[in-house]
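Me: I want to go through the pockets and cavities of this structure, with the reason behind each label. Please set each value against its definition.

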Amino acid sequence: MNKLDSEFAVIAMNEADNVAIVVTAGGLGAGSVVRTQHGAQPVALINAIPQGHKVALKDIPAGHPVIRYNVSIGIAKEYIAAGSWVHERLLTMPNARKLQNLPMATAPQPALEPLTGYTFEGFRNADGSVGTRNILAVTTTVQCVAGVVSLAVKKIKEELLPLYPHVDDVVGIEHTYGCGVAIDAPDAVIPIRTLRNISLNPNFGNEVFVISLGCEKLPPQRLLPPGSFPLVDERTNTEGPDHICLQDDQHLGFMSMLQHITEGAKPHLERLNARRRETVPASELVVGVQCGGSDAFSGVTANPIVGFAADLLVRAGATIMFSENTEVRDAVEQLTSRAQTAEVAQSIVRELDWYDRYLERGQADRSANTTPGNKAGGLSNIVEKAMGSIVKSGTLPIQHVLSPGEKLKPSQKGLVFAATPASDFICGTLQLAAGMNVHVFTTGRGTPYGLQACPVVKVATRTELAKRWHDLMDLNAGRVADGDISIEEGGWELFQRLLDVASGRKTWAEHWKLHNALVLFNPAPIT
Ligand code: CA
């Protein structure tokens, strides 16, 4: 798409669309005449229409589809005259596409022009992965130890961290799992492997340091069995990771626990502190993308920029993950046809089918995804949200699929569908487990989201948000709607920014030390 001419107050995503989005800040009054960038006939607005909301470009008879992104986002409940405000109350949502007879790996596979010569400054790890930060993680087996670990981490940061200036941070991997749960239920594999794989995230330098209670269902030997992690600590026996158990006889009271944890952290900090950044190819990036607090601009400005950058990353040999099951479900045909092989397409169907049944068990469906804020921002339903969300994955073939909590294998490069819930915190947590070393997060309504383990580059969909939240948003994709930059220019800017951030440039969330909690996805029973 070329730069927008400022005369166009509305944007249509496809020439076939019969609705377009009002771009003008503050919306447009009745009587305003608008024309899309596709050169369609000018239309006079019948109603006042808020920014981000849809205007009918043509008369739409009752029972006919409302088309955006060249797909039906709903059926008109009544006659909609050209120039009308098309809001969610005028639409019936289409049924979800059945998961049978899907096109499997049918899309043409483009010849990729490799993108070479791009590098960043990262920390090489013993297991071959590359960190973008140098962080000591203190893994916990169970929520019971979280209070002690939180105070121990505070003590380590205050007393020890200044002595190890090349270590960026100390992070307690705190969570609500570990006991009081059906540990042998089939679905328990998800939270357990999530925790295991988070402690092996590239930003933690392969240092594994575990605090346990002693009577929990998830002991360290089960969380991190021998062979599941690189044994970088020679003092550690081969029966499990370096670990401190709070119920051990050696601990005489709370202060003794704090002292042991602080002492135990020292060898890990020493090894981390000896590391330096080195120049590595862009192919070592593992980028997780997601959106949160979406509006109608998410799919027009920010997500297309992320999609363009996603294609660049794949061409540079990097790994890029997109996720959010309920936000891709309505685009399943597009996903299965874009799969590189029939096996990959089958894996996409397997994950979405499992998730359909998970939602059914809770008597919910994908439509439960949209929030009041999404609707106020112009998104009528999950179909429209999904079409705007999927744009983040770019245009190239989907090469791999991960189940929730799984970790990428070193060979799994390129575009990956990491199946996760769309909840911002759960998606981010699962992408960390997959091995993400940089995170991209697009937002239209605005959310101050951040993670402790990994830099989060936040992309605003509108200039108004980027200005109001000037010290929270890292990139302003609203310039696309303003006509100041093209999607290609925005995509290159984001690509370059990811390399800078991977090399140590701080994001706003890091600057303010803003971060959300890790939230495990536990579909298994609690006992
Ligand atoms: Ca999300």
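Predicted model: local features only at pLDDT ≥ 70, side-chain atom pairs only at ≥ 80, totals over all residues.

Me: What makes a space a pocket and not a cavity?

Reply: On a 1 Å grid over the protein atoms alone, a cavity is a set of points where a 1.4 Å probe fits but cannot get out, whereas a pocket is an open set with protein on both sides within 12 Å along at least five of seven lines. A search of the whole structure finds three cavities of 30 Å³ or more.

Me: What is the volume of the largest pocket, and what does "volume" stand for?

Reply: The largest pocket holds about 540 Å³ of space. Grid points are joined across faces, edges and corners, and the volume is the space filled by probe spheres set on those points.

Me: How do you know which residues line the largest pocket?

Reply: A lining residue has an atom within 4 Å of a point. For the largest pocket, 20 residues count, and Met-13, Pro-304, Val-391, Gly-394 and Thr-395 lie nearest its centre. Two or more lining residues come from each of helix H5 (298-315), helix H7 (332-338), helix H10 (382-390) and helix H14 (487-502). H5 has the largest share, four residues. These helices are DSSP runs (H or I, at least four residues), numbered from the N terminus.

Me: What makes a lining residue nonpolar, polar or charged?

Reply: Ala, Val, Leu, Ile, Met, Phe, Trp, Tyr, Cys and Pro count as nonpolar, Asp, Glu, Lys and Arg as charged, and the others, Gly among them, as polar. On that basis the lining of the largest pocket has ten nonpolar, seven polar and three charged residues. The second largest pocket, about 450 Å³, has eight nonpolar, three polar and eight charged residues in its lining.

Me: Why is the second largest pocket said to lie between two domains?

Reply: Domain 2 (122-273) and domain 3 (287-512) both give residues to its lining, so the second largest pocket lies between them. The domain bounds come from an automatic or database domain assignment. Nearest the centre of this pocket are Asp-168, Asp-169, Lys-506, Glu-510 and Lys-513.

Me: Which helix gives the most to the lining of the second largest cavity?

Reply: H10 does, with four residues. The space in that cavity is about 50 Å³.

Key. Residues numbered from 1 in each chain as written. Heavy atoms only, no water.
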